[in-house]
Amino acid sequence: MALIEIRGVRKAFGEHEVLRGIDLDVNAGELLTIIGGSATGKSLLLKIMMGLVPVDAGTITFDGREVTHLHERDWIEVRRRIGIQFQASALFDSLTVFDNVAYGLREQRLLPEPEIAQRVSESLAQVSLPGIEQMAPGDLSGGMRKRVGLARAIAMRPDVLLYDDPTEGLDPINVTRVNRLILALRDTLKITTVMVTHNMASAFTISDRLALLHEGRITDAAPPDVLRAKHEERLAPFVRAAEHAMRNRRESMAP
Ligand SMILES: Nc1ncnc2c1ncn2[C@@H]1O[C@H](COP(=O)(O)OP(=O)(O)OP(=O)(O)O)[C@@H](O)[C@H]1O
């Protein structure tokens with residue numbers, strides 16, 4: 001059974017039907033990337049997986065438990081197992097890096113204070129930023145802010161990590177760095193990963209599977225090579241963008 005099962009999920013805002021029957025499985029341990037045109041509902045789907053937006057119809061099952069209509073306080077328990085990195089890193093600028101990374105652990109009273117310090121330092125090391133606890137977010141580069149956002153998410157030891165455009169606005173070196181980090185976290189912490197990205201080179205390079213969100217439905221969900229071989233018109237722009245970027249070696253994951 002898949003870790004997350006989405007069946008027949010529909011969501012409209014007024015007359016605007018954004019999701020028209022989403023069926024999607026997320027398997028434990030995989031890195032699944034949702035691709036699609038602008039405003040097709042990719043970020044919305046991540047929010048729905050976190051229980052942040054209620055659906056109009058359909059079901060979501062997490063680790064065998066249907067969570068579609070959970071009460072807010074029960075969602076909190078489920079959300080503890082799901083980390084998210086938002087498009088903007090969403091750090092609190094008035095807090096130090098330490099307090100930012102410790103935020104969720106303290107808020108949910110998950111660990112005593114000495115263990116929090118240990119967990120924060122481990123999490124910063126895992127994103128290759130050891131020892132920056134006392135820095136202010138304002139003094140960090142864009143790439144570092146993203147990695148601190150990630151450290152905050154992994155400090156909670158989630159089973160699943162959702163990334164909303166993790167490489168957006170980064171230069172090629174930092175794109176490669178973040179991509180490597182996403183893979184390393186999946187492999188070392190065994191985190192099931194769902195990513196939304198506009199960066200097709202990243203999507204086609206690091207994903208185990210890609211899911212195309214097209215006209216309100218997941219029309220294709222398969223490994224990158226399988227999608228590439230399909231030669232479907234709806235997939236062509238994404239495949240072309242990936243091949244173009246990879247040909248130009250703008251964002252290479254090669255060691
Ligand atoms: N809370 C909301 N209220 C009204 N409309 C919304 C809301 N959330 C999302 N939408 C609409 O749903 C559509 C999909 O939005 P979403 O942000 O998920 O798109 P996306 O595929 O992630 O887009 P992009 O690739 O451009 O970032 C958009 O038309 C958006 O305006």
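I'm working from a predicted model.

**Whole chain.** I looked up the secondary structure next and found nine helices and 10 strands in the protein chain. For overall size, I checked the radius of gyration: the chain has 18 Å, which agrees with the value near 18 Å that a compact globule of 255 residues would have. Along the principal axes, the C-alpha atoms fill a box of roughly 55 × 50 × 35 Å. I get 36% of the 255 residues as buried. Taking contacts between residues at least 6 apart in sequence, 68% join residues at least 24 apart.

**Six-stranded sheet.** I traced an open sheet with mixed pairing, in the order β6-β7-β8-β3-β9-β10. Each of β6 (82–85) and β10 (217–222) has a single partner strand, so these two stand at the edges with one side left without a neighbour in the sheet. From one strand to the next, the twist averages 20°.

Zooming in, I see β3 (residues 31–36) paired with β8 (residues 192–196) in the parallel sense, over four bridges. Thr33 has Met195 in β8 as its bridge partner.

Last entry: helix α5 (residues 142–155) lies across β6 and β7 (160–164), and runs at about 175° to β6.

Note on methods. Residues are numbered from 1 along each chain as its sequence is written. This is a predicted model: local features need pLDDT of at least 70, side-chain atom pairs count only at pLDDT 80 or more; totals for chains, interfaces and linings use all residues. The radius of gyration is taken over C-alpha atoms; the globule rule is 2.2 Å times the number of residues to the power 0.38. A residue is buried if 20 or more other C-beta atoms lie within 10 Å of its own, exposed if 12 or fewer, and partly exposed in between; C-beta atoms are placed from the backbone. Two residues are in contact if their C-beta atoms, placed from the backbone, lie within 7 Å. Two strands pair if DSSP finds at least two bridges between them. Axes are lines fitted to C-alpha atoms, for helices over the stretch in contact, and angles run from 0 to 180 degrees between N-to-C directions.
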